[in-house]
Amino acid sequence: MSLQEYYEDSYNMERGRGASELLHEVTTYSKGLFNLVTESKDRFLPNLDWNGLKVLETGAGRGGLGLLLARLGAKVTLVDFSPTALDQAKNIFALEGHEVTTVVGDVTHPDLELNQKYDLIVDSHLLHCLTEDPDRASYYRLITDHLAPGGIFVAETMVHRKKLYIPDGFMFDERNVLWQMFGKWTPVRRILDSLDLERELNEAHFNIVYFYYYGQYGFVPHRSFMDIPAEILPAAVRMVLQNKPE
């Protein structure tokens, strides 16, 4: 089973849940990232109003973060490879009367159809799900191609720490890829060292305007990690990027 099939199956299993039932869950889950995004916008885009701000959320799932931003007046586009998740997102947005544009597609494919540039692009914990170098490079090109002049890309992603616990059913290889057994070994996360991540971003021609190693935070890659102490879970980097001036 591929990671895409895994997520699609997970969303399909919850097709019977109504939008009103999902609303609280998806917005509550997104509040931490929402706070990072709003603080970043206020700091790095102070002259732009939320009302009408063009926002793209990648790896959006059911669009909890996008909905929180739509409540501020943003014009939101959601991208995800799961059509089921985006159908659920549209129903959740409609529940509050917000418009949303949804795009079913893979951010690592250059033919993904996005016909505008965005003031704010938000990675909804997608980057660490991209395990292969060519896929990450394609994703970075998508971001740089669709950032409006002066726009920002905001992300929070897993990074490696020296002591990392790997439970049964998972393995961690020399490329910093976490694998999970789904009948066969499947790559599920890329957990780079923070210095390697910074190097990768520079090679992708980003201007790094904010890069913060959040060592006290323990990222939970899967529910199998839920009871593991934070200090031996993956840490996080929170970052804000812009295109380098031409």
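Tutor: Start with a definition: two strands pair if DSSP finds at least two bridges between them. Helices (H or I, at least four residues) and strands (E, at least two) are DSSP runs, numbered from the N terminus. With that in hand, tryptophan 179 stands opposite proline 187 in E8.

Student: What kind of model is this, and how is it numbered?
Tutor: This is a predicted model; local features need pLDDT of at least 70, side-chain atom pairs count only at pLDDT 80 or more, and totals for chains, interfaces and linings use all residues. Residues are numbered from 1 along each chain as its sequence is written, and side-chain values use heavy atoms, with hydrogens and water left out.

Student: What does the chain average in pLDDT?
Tutor: The average is 89, and 91% of the residues score at least 70. pLDDT is the predictor's confidence in each residue, from 0 to 100.

Student: Where is confidence lowest, and where highest?
Tutor: Helix H1 (residues 3-12) is lowest, with a mean of 70. Strand E4 (residues 118-123) is highest, at 98.

Student: Back to E8. How many bridges join E7 to E8?
Tutor: Five, and strand E7 (residues 177-181) runs antiparallel to E8.

Student: Which order do the three strands of the open sheet take?
Tutor: The order is E6-E7-E8, with antiparallel pairing. Strand E6 (170-172) and strand E8 (185-190) each have a single partner strand, so they stand at the edges and one side of each lacks a neighbour in the sheet. From one strand to the next, the twist averages 30 degrees. Axes here are lines fitted to C-alpha atoms, for helices over the stretch in contact, and angles run from 0 to 180 degrees between N-to-C directions.

Student: New topic. How many aromatic pairs are there?
Tutor: Six. Rings of Phe, Tyr and Trp (its six-membered ring) pair if their centres lie within 6.5 Å; planes under 30 degrees apart count as stacked, over 60 as edge-to-face and the rest as tilted.

Student: Why is the pair of tyrosine 139 and tyrosine 140 stacked?
Tutor: Their ring planes are at 25 degrees, with centres 6.4 Å apart, so the pair counts as stacked. Tyrosine 210 and tyrosine 212 also form a stacked pair, at 6.4 Å centre to centre and 20 degrees between the planes.

Student: Are tyrosine 139 and tyrosine 140 buried or exposed?
Tutor: Both are buried. Buried means under 20% relative accessible area, exposed over 50%, partly exposed in between (1.4 Å probe, protein chains only). Tyrosine 210 is partly exposed at 25% relative accessibility. Tyrosine 212 is partly exposed too, at 41%.

Student: Which residues form the aromatic cluster?
Tutor: Tyr139, Tyr140, Phe153 and Phe206 form one cluster.

Student: Now alanine 89. Where is it found?
Tutor: In helix H5 (residues 83-95). Alanine 89 is buried, with a relative accessible area of 0%. Other buried residues of H5 include Leu86, Ile92 and Phe93.

Student: What does alanine 89 touch?
Tutor: Leaving out residues up to four places away in sequence, alanine 89 touches Gly61, Arg62, Gly63 and Leu78. Contact means heavy atoms within 4.5 Å. Glycine 64 is 25 residues away in sequence, but its C-alpha is 7.8 Å from that of alanine 89.

Student: What follows H5?
Tutor: Glycine 97, with a positive phi near 80 degrees.
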